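Good morning, colleagues. I should like to take a few minutes to walk through one model with you. Please keep the structure in view as I speak.

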Amino acid sequence: MLLTSLLLIPFAGTLALLLWPGGPSPSRLRLITIAILVLQLGMSVAVALAFDTAQAGMQLQERHAWLPGIGLDYALGVDGLSLPLVLINGALTLVSAVITRDIEKRPRIYFAMLLLISGAVNGAFLSENLLLFFLFYELELIPLWLLVSVWGGVNRAYAATKFLIFTAASGMLILGAFLGLALLTGSVDFSLTPVLSDRLAMGGQLWLLGALLIGFGIKIPLVPLHNWLPDTHTQASTPVSVLLAGVLLKLGTYGMLRFGLQLFPEAWAKLAPVLAIWAAISVLYGSLAAIAQTDMKRMVAYSSVGHMGYVLLAAASDTPVSLLGAVFQMVSHGLISALLFLLVGIVYRKTGTRDLAVLRGLLNLERGLPFTGSLMIVAVMASAGLPGMAGFISEFLVFRGSIAEYPVATLLSMVGSGLTAVYFLLLVNRAFFGRLAITPPSADAVADARLDVQLAPVAPRETVPAVALAAAVVVLGLVPSTLGRLSEVATTALASITAIPGGLG
């Protein structure tokens, strides 16, 4: 029941918060939520300890008949592809709860939605039944819409509606592909079966795979399906942005690997060259769009568009090394993007702005945010792929595993990696160096007045989650075997089921 506990703990916590008698204070609700999430993270670690890294298949499986007439069974399992994502979900949902402050409007619903999302994400990563995956995939939609539309920024209604429309379309395409699979195979068995190519004509495979690629491409998101992400991040609160970038985007990349590559390896091999080009375009567009931003949060959001393109490149190449790099990229991006959004949130809370045309000199030792700026520099170096950081390991594995298969797409993606350093150095240079200022330079009198700016100090408790994330990024970069041994056997087995040159099949 280890895997079921990862669902029961957050779901039971959700019900407990919603049905709690009386009116607990927001601080008490927050502490209760943190306690529940600590327990969930502990169970995730217990699953990792019980996991056999030498086995490639699903482990700790739990199967119970639910609605056999329509092919819906309660079937859970974990392997080297899903386990790292379960762990990062537990860690980053906990971080989101810890950094939540000053929730006075409907705090009971706010924290209940955090727990509901965490349980739904665990369910999606652990599902071995296609319909069960779809139920959990859709379950996080309304809670996240509420978190943005109720506790978001000024234009939250617009951003939340756009998110809802895009994500609903994603779910419809995915469900359509799953139902089409049943129609074409003449079976109502929605169990996760590794290879279905021998039961389907190539035309049918391509249509179903295309629907999955677009559906999961919206969630990742990939260009040109990315339009909802910058607006949603801009209007979402910092804890929600941490959860969205660190965890929820990984539902798209995980789904593409699990249900695209694994279910339709022959069709995947035919579309792989197109997918590699799509990946390079997404990487370059995300990087160039990030350079053009002046809002720090939108810059980080567009960086996610670019960095998620690396996962698609790795999946298109489909070699053991590139697929291991894809898992590393999902985990490292989750940690780094969460750290970046957390630090941007601190800057916004202390200065009242995220505008790079306004902020200056935040590294000022006496009146600025020197420690926050130092952590930002660490996060920027990690995102840019400097050696010693998690980002370097993931990008190196992706490029090393892809260069022989798709050299042009890989080289273009490497250019995008170089552009990451460009836009994040622009962010650091504009916001943290120079004389301390939080107003645009105009007249000399205004410039002189800026020297009197005194920012409120950042309390140590505000930076503890950021320090923990920065430490995780460095540890994963220096000791990559901590993640590699969990996933290497599974990604090698995944590569072996395809006919793409470079795989093991």
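Let us begin with L60, which is found in strand β1, spanning residues 59-67. Please bear in mind throughout that this is a predicted model. The phi angle of L60 is near 55 degrees, a positive value in a residue other than glycine. With a relative accessibility of 29%, L60 counts as partly exposed. D318 also has a phi near 55 degrees, again positive in a residue that is not glycine. D318, however, sits in the loop between α13 and α14, and at 0% relative accessibility it counts as buried. As background, most residues other than glycine have a negative phi, and most peptide bonds are trans.

I220 and P221 are joined by a cis peptide bond, with omega at about -10 degrees. A cis bond also links V223 to P224, where omega is about 5 degrees. P221 lies in the loop between α8 (202-219) and α9 (228-235), and P224 has its place in the loop between α8 and α9 as well.

I turn now to the helices. How many of the residues of helix α10 are buried? Eleven of the eleven, across residues 238-248, so α10 is largely enclosed by the rest of the structure. One of them is P239, whose relative accessible area is 8%. Not counting residues up to four places away in sequence, P239 touches S96, I99, T100 and Y110.

In helix α2, residues 26-50, we find Q40. Its relative accessibility is 0%, so Q40 counts as buried. Beyond its neighbours within four places in sequence, Q40 is in contact with L6, I9, P10, N89, G90, S118 and N122.

Helix α16, residues 390-402, has 13 residues and, at 1.5 Å a residue, should span 18 Å; its end C-alpha atoms are 19 Å apart, which agrees. Ten of the 13 residues of α16 are buried, so this helix too is largely enclosed by the rest of the structure. Among those buried residues are I393, E395, L397 and F399. The buried residues of α16 pack against α13 (296-317), α14 (320-351), α15 (370-383), α17 (407-432) and α19 (460-478).

The largest nonpolar core has 172 residues, and F259 and M376 touch the most other members. The largest share of this core, 18 residues, is supplied by α14. Leaving aside neighbours within four places in sequence, the contacts of F259 are L130, F133, F178, L192, L212, F216, Y254 and F264.

Helices α13, α14, α15 and α16 each supply at least two residues of the lining, and the largest share, six residues, comes from α14.

Thank you for your attention.

How values were computed. Residues are numbered from 1 along each chain as its sequence is written. This is a predicted model: local features need pLDDT of at least 70, side-chain atom pairs count only at pLDDT 80 or more; totals for chains, interfaces and linings use all residues. Side-chain values use heavy atoms; hydrogens and water are left out. Helices (H or I, at least four residues) and strands (E, at least two) are DSSP runs, numbered from the N terminus. The expected span of a helix is 1.5 Å times one less than its number of residues. Buried means under 20% relative accessible area, exposed over 50%, partly exposed in between (1.4 Å probe, protein chains only). Contact means heavy atoms within 4.5 Å. A nonpolar core is a set of buried Ala, Val, Leu, Ile, Met, Phe, Trp, Tyr and Cys residues joined through side-chain atoms within 4.5 Å.
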